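Visitor: I have not seen this one before. Could you put it up and take me through some of it?

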Amino acid sequence: SNFNILIYTKKVIPYLKAIIAIKLINNRNFTQYEVAKLLGITQAAVSQYLRKGEQYYIELLSKIGLEPKDYIDGIEKVIEEVDVISDIIDFF
């Protein structure tokens, strides 16, 4: 339904992007600027993601019915393999 699509685009994708951004910085030593460019968001958004922390976004996803087991393997794969912008764009 349109409602589900709206939830996905307004909540799920941004929350997943937040987790990916945090992991790229913490696990792969990307800069905030590099992550912003990769994900098509502002550096200020990346900074906000980092301030709130990964657990915050995991909890938000849980509230809308997505548990870590539903997405964490996919995110880990993206984090390990991302070397070019198209890799992340393809994921979304």
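Visitor: Which residues does Lys 23 touch, not counting residues up to four places away in sequence?

Guide: Lys 23 touches Arg 28, Glu 54, Ile 72, Ile 75, Glu 76 and Ile 79, with those sequence neighbours left out. Contact here means heavy atoms within 4.5 Å. Before going on: this is a predicted model, where local features need pLDDT of at least 70, side-chain atom pairs count only at pLDDT 80 or more, and totals for chains, interfaces and linings use all residues. Residues are numbered from 1 along each chain as its sequence is written, and side-chain values use heavy atoms, with hydrogens and water left out.

Visitor: Where is Lys 23 found?

Guide: Lys 23 is in helix H1, which covers residues 2-28. Helices are DSSP runs of H or I with at least four residues, strands are runs of E with at least two, and both are numbered from the N terminus.

Visitor: Buried or exposed?

Guide: Lys 23 counts as buried because its relative accessibility is 8%. The cut-offs, with a 1.4 Å probe and protein chains only, are under 20% relative accessible area for buried, over 50% for exposed, and partly exposed in between.

Visitor: How many salt bridges does the structure hold?

Guide: Three. A salt bridge is a side-chain nitrogen of Lys or Arg within 4 Å of a carboxyl oxygen of Asp or Glu. In one of them, the side chains of Glu 54 and Lys 23 meet at 3.1 Å, N to O. That pair links distant parts of the chain, with Glu 54 in helix H4 (residues 54-63) and Lys 23 in helix H1, 31 residues apart.

Visitor: What about Glu 76 and Lys 23?

Guide: Their side chains also form a salt bridge, at 3.2 Å, N to O. This pair too links distant parts of the chain: Glu 76 sits in helix H5 (residues 68-81), 53 residues apart from Lys 23 in helix H1.

Visitor: Which side chains meet in a salt bridge at 3.3 Å?

Guide: Those of Asp 70 and Lys 69, N to O. Asp 70 counts as partly exposed because its relative accessibility is 43%. Lys 69, at 67%, counts as exposed.

Visitor: Switching to H5. Which of its residues are buried?

Guide: Tyr 71, Ile 75, Val 78 and Ile 79 are buried in H5. They cover an arc of only 95° around the axis, so they lie on the same side of H5. The arc is that of the directions from the helix axis to the C-beta atoms.

Visitor: And which exposed residues does the face turned away carry?

Guide: Lys 69, Asp 73 and Glu 80 are the exposed residues on the face turned away from the buried side of H5.

Visitor: What does Ile 79 touch?

Guide: Leaving out residues up to four places away in sequence, Ile 79 touches Ile 20, Lys 23, Leu 24, Asn 27 and Arg 28. Ile 79 has a relative accessible area of 3%, so it is buried. The C-alpha atoms of Ile 79 and Ile 25 are separated by 9.9 Å, and the two residues are 54 apart along the chain.

Visitor: New topic: how many aromatic pairs are there?

Guide: The count comes to three aromatic pairs. Rings of Phe, Tyr and Trp (its six-membered ring) pair if their centres lie within 6.5 Å; planes under 30 degrees apart count as stacked, over 60 as edge-to-face and the rest as tilted. Among them, Tyr 49 and Tyr 57 have ring centres 5.5 Å apart and planes at 80°, so that pair is edge-to-face. Tyr 56 and Tyr 57 also make an edge-to-face pair, because their planes are at 90°, with centres 4.9 Å apart.

Visitor: Which residues do the ring pairs link into a cluster?

Guide: Tyr 15, Tyr 49, Tyr 56 and Tyr 57. Of these, Tyr 57 is buried at 4% relative accessible area, and Tyr 49 is buried at 10%. Tyr 56 is partly exposed, at 33%.
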